[in-house]
Amino acid sequence: MDFEFSEKEKQFLREVDEFLKANYDPNVMDVTRENMAQVCDTPERRAFMKKIAERGWLGITWPKEYGGQDGEGFYEYLLNEKLSSVGAPQIGKGVGIIGKTLIKVGSEKLKKEFLPQILDAKIEFAVGYSEPSAGSDSAAMRLKAEKKEGGWLLNGQKVFTTSAHFADWYWVGARTDPDAPKHHGISLFLIRMDDPGLTIQPMYTMGGERTNAVFFDNVFVPDDYVVGQLNKGFQYIAEALDIERFTLFTFSPIRGRTELLCDFVKNGKKDGKPLKDDKVIRQKVAQLATECEVARLLGVRFVDTAINSDKAPTVAASHYKLYATELSRRVADATMDIVGPGAQLALRTEDAPLKGRPESCYTYCVIDTVGGGSSEVQKNIIATRGLGLPRNF
């Protein structure tokens, strides 16, 4: 594998840099929101994504017949890394999870209705997989879907639906065959978020960001809004999760937090002595810098695998997601230790070290090890699909 960018890729990076400078807006670009910076949850952020759409950057990897550019996934990767490096919203659920699944298995009706709106950044989606008894184990979902004339009646609950309070449509997995084996009998549905049968209640993370619990009370979904084949939903979800595990946990924010720590060590003092002269601290920072390079290369390898393999890059996605999110925790832990007691002061607290970033990094990074499948789930995927070992749960 050639790890150097081509001239064409370098030119694309320059174009994105120029675009970000020309469209700088502190209400849109906020690195202090950590991983939650990726969502389009305000009018300003949606307007920014509209500008991305006007450049044609939302359809880089989509087939031309659906309005895309038939381009390589590496450009999508480069774009997301640039966006996340400045805390701007990223191309995510609509273009990736929903759009690519609809292109592959969606009906012509769903393609015509949703794909143009996704490319024009006209709609936002929420994704409903997790339930109170089925967090990272999507196959254990119990949301009940009963067949009725012309459609399905859904009853039950979802949790940790981050975008539910501002999204237009809900991408939901539900159990359509209760007698089927665990990994079968699940189907995917598209539901309007303003459906009167949906009740949305806020759930706040330890980082202060909003996610949601969503309750279904006789929500009727017409047959036309079933995605793909009935009872094949888990297979579609599993493939889409490969995309989620990569695109939702970009490397650039981790690198930014590491660089923030390096700058603190370079200029800080403890008991009147420069931190950079402390051998233990130097070793810790060097270790983290080395691990950052490993995480970056795991990300590049995932993209390469996705582009050049006919098989879903499931193991490569889990390698990257596990390593990157656990590295993010190690960076946060080291920052708290090195900065000292002041690191516990909240973001934007007056006179807080590094303006309170250590505290926000520490609380946010825990969420990343759970979203998109917990670290334990990633280890099982690597063990079973990558190494041929038995599951441990």
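Which helix holds both Arg-296 and Glu-293, and how many residues apart do they lie? I started my notebook with that one, keeping in mind that this is a predicted model.

**Entry 1, helix α8.** I found both residues in helix α8 (residues 279-308), 3 residues apart, or about one turn of the helix.

Next I followed salt bridges with shared partners, and they join Arg-33, Asp-41, Arg-45 and Glu-209 into one network. My search of the whole structure gave 18 salt bridges.

I then picked the pair Lys-100 and Glu-76, whose closest N and O atoms are 3.0 Å apart. This pair links distant parts of the chain, with Lys-100 in helix α4 (residues 94-105) and Glu-76 in helix α3 (residues 73-85), 24 residues apart. Buried or exposed, what is Glu-76? I noted that Glu-76 counts as buried because its relative accessibility is 10%, under the 20% cut-off. Lys-100 is partly exposed at 26%.

I placed Asp-223 in the loop between β7 and β8 (226-227) and Lys-147 in strand β2 (residues 144-148), 76 residues apart. Asp-223 is partly exposed at 34%, and Lys-147 is partly exposed at 45%.

**Entry 5, the hairpin.** Last, I checked β6 (residues 198-204) and β7 (residues 210-222), which pair in the antiparallel sense over 7 bridges. Ile-200 has Val-214 in β7 as its bridge partner. The two strands form a hairpin with 5 residues between them, and Gly-208 in the turn has a positive phi of about 90°.

Methods:
Residues are numbered from 1 along each chain as its sequence is written. This is a predicted model: local features need pLDDT of at least 70, side-chain atom pairs count only at pLDDT 80 or more; totals for chains, interfaces and linings use all residues. Side-chain values use heavy atoms; hydrogens and water are left out. Two strands pair if DSSP finds at least two bridges between them. Helices (H or I, at least four residues) and strands (E, at least two) are DSSP runs, numbered from the N terminus. A salt bridge is a side-chain nitrogen of Lys or Arg within 4 Å of a carboxyl oxygen of Asp or Glu. Buried means under 20% relative accessible area, exposed over 50%, partly exposed in between (1.4 Å probe, protein chains only).
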